[in-house]
Amino acid sequence: MKKQLFLRKGYVLVLLLAACALNLWAQGEKEEEKVIWVTSVQGGREPEENVLFENEVKRLSGVEVSMIKPPSSEYSTKLTAMLATGEPLDIVYIDSSLMVSLKDQDLFEPLTDRIEASKVLHDPSVIDPAEWERIRDKDGEIYGVFNKFEQGTLPIIRYDWLENLGLEAPTTLDEYYRVLKAFTFGDPDGNGEDDTYGLVVGYSLYDLSSLFGAYGLARGFVKDETGKLYSPYATEAAIPVYEFLARLYREGILEPNFITNKSSNFRDMFMTGKAGMTFYWAAWVGLFNQTIKAERPDSPFKARGITPPKGPDGTIMCRAGNDGLMAIPRVSKHKDAAFKVVEFWHTYDGNILSTLGIKDHDYTFENGTYELTEVGKAHAMDHGAPQPKSLAWVNPFGELEGFEEAAEIVRTYGKPQYVTAYDKQWEEISRAEAAKIILGKISPEEGIANMNKRFEQEGIF
């Protein structure tokens, strides 16, 4: 009897152990089925919100994700290390410059066939087919899917000052000069004081691509017909632009701290009525208006993006932002599920998640109406893609004043910078020598020669 009881107990124990083992195996299997998503931009705005974001992705897409968000300051270093060690990642957010530097290591899955078979991504009403051609690799493959509309930079003007002075928006460099001079010396704000500049910028060449674009000169390095890199800003064709800027500085039209101004400095000067024009990102047209109207509802302040100046042959060009991409590493164990998340990101539900955020946390939706919570207002409708790439996207709250017009200008005339491994050197050298030219310390010819000499010393060409 005791022996039978012992056997029964042993049998029960075996069953319990087996059940536990099965449960642990099932949990492990479930954990392995999660899509591992490494990103620096998508997700909750606070670390503790990432779990809520993960749950929302699963609710809307049916895919369970686990997000890894290294600190932004360390992101590229940590992502590169994770890719190099072959960690089983499924989705990685990567900017186009890092993608170029890692591309030859064969780390990323070609997505061309999946994109072309996608009812979302291959729909021209969602993403312009020309956009895919722009990021197609020389081997014919596409290795990443856009994260958002990266906008671009363009001239932003105090339109109320134009109206005060009875002027039209400038269209050529000569007209730009006349308007900027009037903003400097014509008392555009009507306060009777000589306290304004025509133009305020920062970092020397930070966003002046609209001026160089009048002569068809692209920012950064490009390749000539033989495949050799060169800098359009370091060619004789750029001399008229440097002469234009040097004239603005010499005549007191260009705010003199353009070399040391950080973004916050020239933004503040533009918003506080110290300057009538700057060159900056399209989204800031709306943000400028929103900020001023929130602080001073009766202010006449009216920021508008305007078309860049056209050059002697009618060329118009500004800078489009470089792409942030979602890529799938070759080591991914869940490529189908990963692509489903990437595709979902460009659906309407994905657009809502990437902008408004998490339902019942950042916003509520009742009777067909969206309403931001206090948390959502603080998060400013940015959970990875404040401006979705989808052409079908319509913000239920509307866009900020002036943004849509500015965005259309960028879409029409924007050209992304060609990405190379030497972009940091280009920035440092070009800005330093351009500053000397604008300040009148050296001639444009000397500055251009210095740029090319320093590029050669860096081993770029």
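The model is predicted, so local features need pLDDT of at least 70 and side-chain atom pairs count only at pLDDT 80 or more, while totals for chains, interfaces and linings use all residues. Residues are numbered from 1 along each chain as its sequence is written, and side-chain values use heavy atoms, with hydrogens and water left out.

Start at strand E3, residues 91-95. Strands here are DSSP runs of E with at least two residues, and helices are runs of H or I with at least four, numbered from the N terminus. Four of the five residues of E3 are buried (under 20% relative accessible area; exposed is over 50% and partly exposed in between, with a 1.4 Å probe and protein chains only). Strands pair if DSSP finds at least two bridges between them. E3 runs parallel to strand E1 (residues 35-38), joined by two bridges, and Val 38 is partnered with Val 92 in E3. With strand E12 (residues 324-327), E3 pairs in the antiparallel sense over four bridges; here Val 92 has Ala 327 as its bridge partner.

The whole structure holds 24 salt bridges, each a side-chain nitrogen of Lys or Arg within 4 Å of a carboxyl oxygen of Asp or Glu. One of them joins Asp 160 to Arg 158, with the closest N and O atoms 2.7 Å apart. Asp 160 is buried at 4% relative accessibility, and Arg 158 is buried at 6%.

Glu 433, buried at 2% relative accessibility, forms a salt bridge with Lys 436 at 3.3 Å, N to O. Lys 436 and Glu 433 are three residues apart in helix H17 (residues 423-438), so about one helical turn separates them. Glu 433 also meets Arg 454 at 3.0 Å, N to O. Because Arg 454 lies in helix H18 and Glu 433 in helix H17, this pair ties together parts that are 21 residues apart in sequence.
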